[in-house]
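Please read through the structure shown here, starting with the chain as a whole and ending with one of its helices.

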Amino acid sequence: MSHPLAYLHDHLEEWKRDGVYQRLRILQSASAAESRFDGKEVINLASNNYLGLTTHPKLREAAIDAVKRFGVGSGAVRTISGTMTLHMQLEERIAAFKNVEACVVFQSGFAANAGTVSALLGPEDHIISDELNHASIIDGCRLSRAKIRVFPHKDAAAAEKILGELDGVAGKKLLISDGVFSMDGDIGPLPGLVEAAERHGAIMIVDDAHSSGVLGKAGRGTIDHFGLHGRVHVQVGTLSKAIGVLGGYVCGSRDLIEFLYHRARPFLFSTSHPPAVAAACLAAFDVLEREPERIQNLWDNTKYFKQGLVAAGFDTGMSETPITPVIVGEAKTAYDLSRALFEEGVLATGIGFPTVAKGKARVRTIVTATHTRDELDRALEAFRKVGHQLGIVD
Ligand SMILES: *Cc1c(COP(=O)(O)O)cnc(C)c1O
């Protein structure tokens, strides 16, 4: 008899044949504008370290100080004995930053979405969700066992039509969208979605993972960017991207946060952050307020790099943010492009199905505030050279 897991090997062999088998690249330095991967120094266009905070001296100091004072672990889940003063300070700090009553921090953005959506809704309820929403939202929706209706990407009118069909139908309604979409770098149509939610009495959730630290005043995110304060009931964010550390959070009313303290399963059943993580995140919010030039540099670099890619003839899709995809079509082409770029000293990840739709494979680039003009010029030169060799551009 064959091994019960033999089918795994068959899958792996098939992926190798199709050229879509992915080996993990090993980061042997800090995550920074230039990093060493697999023994090679490369320009790193593959991190979410938008503001360069992963290596910021203030965050390092805060983390080291917290280790010295409080040790390396919290010892328990939040509801048993694992709520430290630092966790409460961080939640208060984020709530003030986001201009809301209260905040709850989760172990990751993934846990925040999966834990929150599944806690708020049940099988009798309805979720209206953008087709390109993040996997953690999709999992949260499935865990809730609510009825899920998916609307075409960024189509607020289609979302409103579904809400209209549900008028008078029993159950709560929840409208949910990413603020910035992680694979295309485009911004969700929040004003239209908020109005639709308000007209039909739906709960509105926005996941600002890729916009906190990037869009809005001092990086307050898409709700601030669009002037929608007070009109989005649940704001999700991450501490793992622009904030440079690890974690996720949910912002909203005091009732929402206390409800999640009692019902969100990752909060109840998974240990809280080590003190170093909470302390480094706290320091990051100080840096956001005190060093606004980081966000300015991020956008200057974004414009420069995007223009360079477009001028070279690449298809950058619908991007409006520092996430700039180079769309090539077939997954194999994306992986070939990524590998060839690496040989030229540039790390940019190839992304194919199932992370993006079939035929929409891409190499995704994210510039950061700390890339220099010289680094961006060298990266653009590599894209032009390799893109030409692979027949993607002339
Ligand atoms: C990255 C991301 C998450 C997950 O955040 P982590 O903190 O890495 O778990 C959630 N939602 C969106 C839209 C994301 O891009």
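**The chain as a whole**

For 394 residues, a compact globule would have a radius of gyration near 21 Å, and the chain has 21 Å, which agrees with that expectation. The model is a predicted one. Along its principal axes, the C-alpha trace spans about 60 × 55 × 55 Å. The chain contains 14 helices and 13 strands.

Of the 394 residues, 54% count as buried. Among contacts in the chain with a separation of 6 or more, 70% are made by residues 24 or more positions apart. The accessible surface comes to about 17,500 Å², and carbon and sulfur atoms account for 54% of that surface. The side chains include 43 positive and 47 negative ones, and the centres of these two sets lie 3 Å apart.

**Helix H3**

Helix H3 covers residues 85–98, which makes 14 residues. From its first C-alpha to its last, H3 reaches 20 Å, close to the 20 Å expected at 1.5 Å a residue.

Which residues of H3 are buried? They are Leu86, His87, Leu90, Glu91, Ile94, Ala95, Phe97 and Lys98.

After H3 comes asparagine 99, which has a positive phi, near 65°.

How values were computed:
Residues are numbered from 1 along each chain as its sequence is written. This is a predicted model: local features need pLDDT of at least 70, side-chain atom pairs count only at pLDDT 80 or more; totals for chains, interfaces and linings use all residues. Side-chain values use heavy atoms; hydrogens and water are left out. Helices (H or I, at least four residues) and strands (E, at least two) are DSSP runs, numbered from the N terminus. The radius of gyration is taken over C-alpha atoms; the globule rule is 2.2 Å times the number of residues to the power 0.38. Buried means under 20% relative accessible area, exposed over 50%, partly exposed in between (1.4 Å probe, protein chains only). Contact means heavy atoms within 4.5 Å. Accessible areas come from the Shrake-Rupley method with a 1.4 Å probe; for residues, only the protein chains shown count as cover. Lys and Arg count as positive and Asp and Glu as negative; His and the chain ends are not counted. The place of a charge is taken as NZ of Lys, CZ of Arg, CG of Asp or CD of Glu. The expected span of a helix is 1.5 Å times one less than its number of residues.
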